[in-house]
Amino acid sequence: MSIKDWPAEERPREKLLAHGAGALSPAELLAVLLGGSGCRGVDAVAMARGLLHRYGSLRALLSADRRRCLRERGIGEAGYCRLQAA
């Protein structure tokens, strides 16, 4: 199911606007940072959960080697740049 099909109050972007960043889980924050599009067949929050599982934490992902990050499905150069800017 696409995030667009979720109830508005559960969507990460809308949740952030309504309640602030503190109301989001690490996966929801990461989904917002990566642009919310996800990958074919996987919504952005599910993709973010997988990344967090593989790296262990948001901090570890943000400090990971660029080449390793760019091998991740769904990050790409633009996503990597957004993560580094964060």
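Reply: Happy to! A residue is called buried when its relative accessible area is under 20%, and exposed when that value is over 50%. One more thing to keep in mind is that this is a predicted model.

Me: Is Glu28 buried or exposed?

Reply: Glu28 is found in helix α2. Its relative accessibility is 10%, and the cut-off for buried is under 20%. Therefore Glu28 counts as buried.

Me: Which side chain makes a polar contact with the side chain of Glu28?

Reply: Let's look at what surrounds Glu28. Beyond residues up to four places away in sequence, Glu28 touches Glu10, Pro12, Lys15, Ala23 and Val45. One of these, Lys15, is found in helix α1, which covers residues 12–19. At 3.0 Å, the polar contact of the Glu28 side chain is with the side chain of Lys15.

Me: And which residues is Lys15 in contact with, leaving aside its neighbours within four places in sequence?

Reply: Contact here means heavy atoms within 4.5 Å. With neighbours within four places in sequence left aside, the residues in contact with Lys15 are Glu9, Gly20, Ala23, Leu24 and Glu28.

Me: Back to helix α2: is Leu30 buried or exposed?

Reply: Leu30 has its place in helix α2, residues 26–33. Not counting residues up to four places away in sequence, Leu30 touches Ala48, Leu51, Leu52, Leu58, Leu61 and Leu83. Because its relative accessibility is 0%, Leu30 counts as buried.

Me: What distance separates the C-alpha atoms of Leu30 and Leu58?

Reply: Leu58 is among the residues that Leu30 touches. Along the chain the two are 28 residues apart, and the separation of their C-alpha atoms is 7.7 Å.

Me: How many disulfides does the count come to?

Reply: To count as a disulfide, two cysteine sulfur atoms must lie within 2.5 Å. By this rule the count is zero. For Cys69, the nearest cysteine sulfur is that of Cys81, 11 Å away, and Cys69 is in no disulfide. Cys81 is in no disulfide either, its nearest cysteine sulfur being that of Cys69, and the total is zero.

Me: Is Cys69 buried or exposed?

Reply: The relative accessibility of Cys69 is 0%. Buried means under 20%, so Cys69 counts as buried.

How values were computed:
Residues are numbered from 1 along each chain as its sequence is written. This is a predicted model: local features need pLDDT of at least 70, side-chain atom pairs count only at pLDDT 80 or more; totals for chains, interfaces and linings use all residues. Side-chain values use heavy atoms; hydrogens and water are left out. Buried means under 20% relative accessible area, exposed over 50%, partly exposed in between (1.4 Å probe, protein chains only). Helices (H or I, at least four residues) and strands (E, at least two) are DSSP runs, numbered from the N terminus. A polar contact is a pair of N or O atoms within 3.5 Å; within protein, one must be able to donate a hydrogen and the other to accept it, and residues adjacent in sequence count only if both atoms are side-chain atoms.
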